[in-house]
Structure formats: C-alpha cells, structure tokens
Amino acid sequence: MQFKKYSTAWYSIALDTEKQVFIANDKAQPEFQATGVTIEEAIQNLQSLEENSFSKLT
C-alpha cells in the first residue's frame, strides 16, 4: 500500500462541531491558531495573526 502526502499547505484545518467554526493552525508554529466561519476566513485570520505578531518583533 502506498501513502501519499495529501497536502503541502503550511497550515492545517479542523472543525469545531460544538462552536461550528473552522480552526486553522500553522504547522511550523502550532501556537498560532485562528478561527473562522469558513475555511478561507480561518486561513485569512491566521495570516493576519502571524503578520501582526511578526511586525511587533521588528
């Protein structure tokens, strides 16, 4: 049986069924986590969170 890598994305997505929101996590930095009503919104929120965090460092 061969296994292939499903996704090469820098993030992972989960669904919180109780809150009905998607959760996006950064694979390289798991402490970064954002939610959204759609997958796209969760990813955008994650990108914004990371951009804001990195801009504070410089």
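User: Which residue is the bridge partner of I13 in β2?

Analyst: That is A24. Keep in mind that this is a predicted model.

User: OK. In what sense do β1 and β2 pair, and over how many bridges?

Analyst: Antiparallel, over 6 bridges. Strand β1 covers residues 11-16, and strand β2 covers residues 21-26.

User: What do β1 and β2 form, and how many residues sit between them?

Analyst: They form a hairpin, with 4 residues between the two strands. Look at Q20 in that turn: its phi is positive, about 60°.

User: Which residue in β3 does F22 stand opposite?

Analyst: G36.

User: Zooming out. What order do the strands take in the sheet?

Analyst: The order is β1-β2-β3. These 3 strands make an open sheet with antiparallel pairing.

User: Which ones are the edge strands?

Analyst: β1 and β3, the latter being residues 33-36. Each of them pairs on one side only.

User: What does the twist average from one strand to the next?

Analyst: It averages 25°.

User: New topic: faces. Which residues of β3 are on the covered face, and which on the uncovered one?

Analyst: A34 and G36 are on the covered face. Q33 and T35 are on the uncovered face.

User: Where do side chains point along a regular strand?

Analyst: They alternate between the two faces of the sheet.

Notes. Residues numbered from 1 in each chain as written. Predicted model: local features only at pLDDT ≥ 70, side-chain atom pairs only at ≥ 80, totals over all residues. Heavy atoms only, no water. Pairing = 2+ DSSP bridges. Axes fitted to C-alpha atoms, helices over the stretch in contact; angles between N-to-C directions. Buried < 20%, exposed > 50% of the residue type's maximum accessible area, 1.4 Å probe, protein only.
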